[in-house]
Amino acid sequence: MKNIPMTRRILTLLLTALFLLLPCLSSAEDPMPPTTAPAPPSSPPTLQPCSGQALGGKEGGRGAVEFKAGEIIVKFKEGIPKASVQSLLLAEKAEILNEMGQLGIMLLSVPEGRELEKIEKLKRNPLVEYAEPNYVVQIADPIAIEPGYSLRALDVIPDDPYFPWNLSKIGAPAAWDITTGSEKVVIAVIGTGVDLEHPELKDKIWTNPGETGTDMNGNDKATNGIDDDRNGNGFVDDVHGWDFVNWHGEPQDDLWHGTYVASVAAAETNNAILIAGVSWGAEIMPVKVLDQYGGGSIADINGGIIYAADNGAKIINLSFSLTCSNYPHSTQNVVNYAYSKGALIVAGSGDPRVNNPVPPDAYQYPAALEHVVSVAATGRQDEYPRNYSTTYNDKVDVAAPGVGIWGVCILPSCKPAAPLVGTYAAAAQVSGLAALLWSVNPHLTNVQVTGIITSTAVDLGDPGWDEYFGWGRIDAAAAVMTTTHYLEVEPANVVDLGRVCDHGVLPLRTITNPNTNCATWSATAIDDWLSISGPEGYTPSSAMVSIDKDNLPNYGPYITTITVISTMTNYEHSPLIIPVTAVYTQCWTSYLPLLFKNYSSD
Ligand SMILES: [Ca+2]
Ligand SMILES: [Ca+2]
Ligand SMILES: [Ca+2]
Ligand SMILES: [Ca+2]
């Protein structure tokens with residue numbers, strides 16, 4: 001996807017915003033380093049041919065194998081009668097292992113060694129839309145580098161000791177002055193799972209409301225062995241996501257990769273431990289599709305993408321690629337489905353492999369699919385990281401830092417955190433940034449979010465879009481400032497202060513903005529008997545409403561309003577007028593309402 005950059009008014013907006021923010025946040029501006037970029041040579045993308053090797057053993061995708069032995073993926077054309085499908089499968093000695101109902105994609109078992117022959121035969125059949133191997137995918141081999149520089153940036157907001165350099169580079173501290181991210185935005189991390197007990201992630205794991213609480217028999221829905229979602233979502237006890245490899249509801253990471261990716265996008269931040277994430281608030285939906293070796297198949301990945309889209313993930317982060325550059329029809333099918341449901345699908349453009357090296361300009365899937373935001377990696381000086389051969393090609397949409405990116409690690413050898421190199425680290429930052437944008441405005445479409453991210457990126461290399469950096473290196477501050485602020489507060493309909501006694505404790509109520517920081521909104525009372533302090537805080541931010549009793553002339557009911565407005569330069573859904581009600585009474589009438597009739601009203 002390529003988008004035309006919008007007019008750049010960002011610098012002015014940024015400076016204005018920073019000025020506005022100083023009263024309620026003690027953070028300092030993070031200066032943007034100058035961008036230096038090499039002029040990259042241009043060369044056409046190279047498609048890597050694959051020879052047709054099947055994976056039979058248990059080595060989980062290591063090496064130059066291309067597909068799972070004894071399995072193929074088929075989609076029949078729309079409206080083909082079930083009986084015709086069944087007789088064809090019978091004739092081909094193929095059995096259905098799994099069927100994705102909504103999309104009609106089938107995973108079939110076929111005799112081992114005859115996968116390609118069966119596929120060729122099925123492709124010639126007029127009933128078949130496509131047939132393909134169950135391609136194998138693999139995460140990139142981890143490359144860690146020595147940091148050799150100060151871990152901590154100057155004057156940043158969070159207190160996490162491993163404050164990653166890349167967050168300063170992309171202007172995250174200035175973005176955080178607007179929003180640190182809402183927990184209502186869910187990032188699905190499709191990979192090796194996520195360490196569900198990690199202190200940087202455990203409180204940020206998505207919880208499926210359909211599998212929470214107790215069932216009719218008083219049993220915990222999370223463990224009752226029943227698919228409790230309304231109408232069933234097809235997964236039993238998927239309270240925190242799904243493990244497609246082992247087929248259960250505990251998508252625990254048994255490698256390191258998904259945990260690392262989740263932390264770069266959305267680690268618990270300002271908690272004085274380990275790293276800071278791009279979105280402090282976003283929830284993580286762990287979807288395990290890769291095994292303990294980092295290998296998996298597109299059948300499981302397709303299932304994982306559908307699961308994420310069906311269960312409310314706004315952002316779907318993919319960070320692996322096919323071991324060869326074969327175009328996966330079914331995964332494009334599934335990506336189109338998630339995209340049509342409004343999800344933003346993000347993937348690293350591709351990373352070097354030890355066992356099956358591919359040229360750095362080769363297409364790597366799923367990044368090179370349509371409707372996937374393909375993210376290339378940049379180095380500390382905003383250069384193409386030539387030493388690491390990360391992927392560039394004409395599918396690249398945008399770039400983000402990808403060299404020495406701190407994320408949490410769970411392997412004994414790299415605990416507690418590691419500075420890794422890869423486009424998967426770059427993609428995780430784009431996922432985190434998208435979560436910030438959806439916090440500023442929950443009503444954006446995936447097309448709009450992509451447009452804001454690409455149009456506010458810092459152009460590098462050749463002017464305009466190029467295959468090394470796409471539209472440029474992401475600028476979180478510019479992107480967040482450009483996003484039209486959609487103001488939301490809770491409660492929105494009425495603030496009821498209840499009974500106000502003339503001697504007792506005065507009521508206090510909170511107005512909460514779940515999406516953005518205190519600097520983005522203000523609240524004022526019309527009548528002088530109400531007073532408002534704040535707003536204060538990061539995301540969520542809140543204001544306190546209290547009563548000034550001296551300005552209540554008589555006992556009786558009171559009604560007034562609070563006006564909440566956005567203080568951003570561009571906003572919608574503002575002002576909000578919120579009614580406030582209270583009843584001012586003598587103390588004895590509120591303490592003894594059953595014994596005494598209230599004569600206090602006018
Ligand atoms: Ca379920
Ligand atoms: Ca259940
Ligand atoms: Ca942290
Ligand atoms: Ca450029």
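This is a predicted model: local features need pLDDT of at least 70, side-chain atom pairs count only at pLDDT 80 or more; totals for chains, interfaces and linings use all residues.

I began with strand S16 (residues 417-421), where 5 of 5 residues are buried, so I noted the strand as mostly covered. Buried here means 20 or more other C-beta atoms within 10 Å of the residue's own; 12 or fewer makes it exposed, anything in between partly exposed, and the C-beta atoms are placed from the backbone. Helices (H or I, at least four residues) and strands (E, at least two) are DSSP runs, numbered from the N terminus.

Residues are numbered from 1 along each chain as its sequence is written, and chains are lettered from A and ligands numbered from 1 in the order in which they are written.

**S16 and its partner**

I checked which way the side chains of S16 go: Ala 417, Pro 419 and Val 421 point one way, Ala 418 and Leu 420 the other, and all are buried. Next I looked at strand S15 (residues 403-408), which runs antiparallel to S16 and is joined to it by 5 bridges. Two strands pair if DSSP finds at least two bridges between them. Opposite Val 421 in S16 I found Val 403.

**Helix H6**

How many residues of H6 are buried? I got 10 of 10, so H6 is mostly covered. The buried set runs from His 257 and Gly 258 on, including Thr 259, Tyr 260 and Ser 263. I then asked what covers the buried residues of H6. The cover includes strands S6 (186-191), S8 (283-288) and S10 (315-318), along with S15, S16 and H9.

**H6 against H9**

Two packed helices are described by the angle between their axes and the distance between the axes. For H6 (residues 257-266) and H9 (residues 423-440) I noted axes that come within 7 Å and cross at roughly 40°. Axes are lines fitted to C-alpha atoms, for helices over the stretch in contact, and angles run from 0 to 180 degrees between N-to-C directions. H6 and H9 are therefore oblique to each other; under 35 degrees would count as roughly parallel, over 145 as roughly antiparallel, 65 to 115 as roughly perpendicular, and the rest is oblique.

A contact requires C-beta atoms, placed from the backbone, within 7 Å. Nonpolar covers Ala, Val, Leu, Ile, Met, Phe, Trp, Tyr, Cys and Pro; charged is Asp, Glu, Lys and Arg; the others, Gly among them, are polar.

**H9 against H10**

H9 also meets helix H10 (residues 446-455): the axes come within 10 Å and cross at roughly 115°. I logged this crossing as right-handed. On the H9 side I have Val 430, Leu 433, Ala 434, Leu 437 and Trp 438, meeting Val 449, Ile 452 and Ile 453 in H10. The contact divides into 8 nonpolar, no polar and no charged residues.

**Tyr 486**

I picked out Tyr 486 in strand S17 (residues 485-486). With 20 C-beta neighbours inside 10 Å, Tyr 486 counts as buried. Leaving out residues up to four places away in sequence, Tyr 486 touches Asn 441, Pro 442, His 443, Glu 572 and His 573. Ser 574 is 88 residues from Tyr 486 in sequence, yet their C-alpha atoms are 7.6 Å apart.

**Two open sheets**

I traced one open sheet of 3 strands in the order S19-S22-S21, paired antiparallel. S19 (508-513) and S21 (530-536) are at the edges with a single partner strand each, so one side of each has no neighbour in the sheet. The other open sheet I followed has 4 strands in the order S18-S25-S23-S20, with mixed pairing.

Methods
A crossing is left-handed if the near helix is turned anticlockwise from the far one by less than a right angle, and right-handed if clockwise. Two residues are in contact if their C-beta atoms, placed from the backbone, lie within 7 Å.
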